[in-house]
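Please look through the briefing below with the sequence and the 3D view side by side.

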Amino acid sequence: MLDLAARAGWRGFGLVEPNPMVGCVLAREGPGGEPRVVGVGHHRRFGGIHAERDALADCAKRGEPGGARGSTAYVTLEPCNGHGKQPPCVEALIEAGVVRVVFAERDPSATKGGGSDALARTGIVSRQSLVSAWASRLSAPWRKHLATGLPWVIVKWAQTIDGRVATGSGDSKWISAEPSRRMVHALRGRVDAVLTGVGTVLTDDPLLDCRVGVPRTRAVRVVVDSNLRTPLESRLLKTVSKSGGSEPGGVVIACTSSVFARDADRVERFKRAGVSVLACERDPTKPCAGTEQVDLADLLRRMASQHHGLGRNGSGVQTVLVEAGPRLIGSLLRASLVDEIVAFTAPFALPDSAARPASESTSQQSPFGLIHDGRGLGTFRPGLARLVRGCDDMLTTWWRDPNNSGRTSRSAAPNQTE
Ligand code: AOF
Ligand code: ZN
């Protein structure tokens, strides 16, 4: 039931932010004791009615005898218990005669939290269940942003069966098929920001916007460009409106604060082109003389803060899609900054020793060293695996296992069938 609620809630992706995606299923026992769904709902748009009231409205529309009375509500987030743009869902559930509530994640917010206790005080049985990974995933970006001030980072790549993402010369356009690319465009039209590195800008000259289908939102496009090498004549910069980088669809270039100070002319030229330049801390783990790099955690933190006016209504970036080369992806992975991996696997191999893997290191450090000292690689739990409809590409998604960053042994893998 929570999986089903999650599936409903997922429809809000790109429409409800900066609020969480939420789904709700109302079910009741049928004559043979089997659960029977009597209403399904989700949060459809920012400021609109919540998933619980949407499900109750669905139940009424179905003409269920007795309405939702006596039913169980399965909600991906603890029902809210305070007034915001919407009245508390706890009240709606009580009024409708729901007798039991099962929710996936707690609402940690001061204004809306505490719904479970409020329900219990009126005799409604309410309990948390974490059986559905999808139900938890649904509100994960919102909860992470609230708790840490960092965005949810989704890294996407397209690889061959043998794990290559580009030929030795950097050619990568041919790996995934058209239907997979359509899915990537859909994703671009739902996240708050798309992030890439200057290397990708120099080799591919990408636009990073959603050009297939109708975008639900226009993500800000961010380039990690520590030394300000992005060409003014790149397609990215030619598609910027002059109103500034924090506008929907705008471009932000991230450099180190010392390059920002040193290269004032170039910064000024970017600004005149409508680009915002974000001065970030320098990565302390990288050598500084001439080759300093942006500290990625600091960049993400700046993107997520309200301070820079990025994200939905300037509320800070909550979701980032990374479409970048092996270096940037490797750095994000090593810094434990990746929450989710979306990998498309194409039905062929590329047995070429110069071909590049999805993630690589700029330093000489052996990955086994990283695994053994438990720093940063983290482990991922499988989200979904399926064929992409209309082609032979396989889509797999992986979520960071929050309890197991840097785990060394496969045998410690959590039970997937729980
Ligand atoms: C949602 N949709 O389905 C649920 C939410 O300003 P409001 O009244 O819309 O309240 C937003 C808060 O309500 C949100 O941050 C979260 O704490 C809680 N639950 N929010 O947008 C929903 N159930
Ligand atoms: Zn609510």
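Does Arg302 count as buried, exposed or partly exposed? At 23% relative accessibility, Arg302 counts as partly exposed, because buried means under 20% relative accessible area, exposed over 50%, and partly exposed in between, with a 1.4 Å probe and protein chains only. This is a predicted model, in which local features need pLDDT of at least 70 and side-chain atom pairs count only at pLDDT 80 or more, while totals for chains, interfaces and linings use all residues. Residues are numbered from 1 along each chain as its sequence is written, chains are lettered from A and ligands numbered from 1 in the order in which they are written, and side-chain values use heavy atoms, with hydrogens and water left out.

**Salt bridges**

- Side chains of opposite charge can pair when their charged atoms come close.
- A salt bridge is a side-chain nitrogen of Lys or Arg within 4 Å of a carboxyl oxygen of Asp or Glu, and by this rule the count comes to 18 salt bridges.
- Arg302 forms one of them with Asp298, the closest N and O atoms being 2.8 Å apart, and Asp298 is buried, with a relative accessible area of 10%.
- Both Arg302 and Asp298 lie in helix H11 (residues 296-304), where they are 4 residues apart, about one turn of the helix; helices (H or I, at least four residues) and strands (E, at least two) are DSSP runs, numbered from the N terminus.
- Glu64 and Arg28 also meet through their side chains in a salt bridge, at 3.7 Å from N to O.
- This pair links distant parts of the chain, since Glu64 is in the loop between helix H2 (51-62) and strand E3 (72-77), whereas Arg28 is in strand E1, 36 residues apart.
- Both partners count as buried, Glu64 at 15% relative accessibility and Arg28 at 17%.
- Another salt bridge joins the side chains of Asp339 and Lys144, at 2.8 Å from N to O.
- Here too the pair links distant parts of the chain, with Asp339 in the loop between helix H12 (326-334) and strand E13 (340-345) and Lys144 in helix H5 (residues 133-148), 195 residues apart.
- Asp339 is buried, with a relative accessible area of 7%, and Lys144 is buried as well, with 18%.

**Aromatic rings**

- Rings of Phe, Tyr and Trp (its six-membered ring) pair if their centres lie within 6.5 Å; planes under 30 degrees apart count as stacked, over 60 as edge-to-face and the rest as tilted.
- By this rule the count comes to 4 aromatic pairs, and one of them is the tilted pair of Trp10 and Phe13, with 5.2 Å centre to centre and 50° between the planes.
- Trp10 is partly exposed, with a relative accessible area of 30%, whereas Phe13 counts as buried at 3% relative accessibility.
- Ring pairs link Trp10 and Phe13 with Trp134 and Trp399 into a cluster.

**A helix residue and its distance to a cysteine**

- Ala118 lies in helix H4 (residues 115-121) and counts as buried at 10% relative accessibility.
- The C-alpha atoms of Ala118 and Cys80 are separated by 9.6 Å, although these residues are 38 residues apart along the chain.
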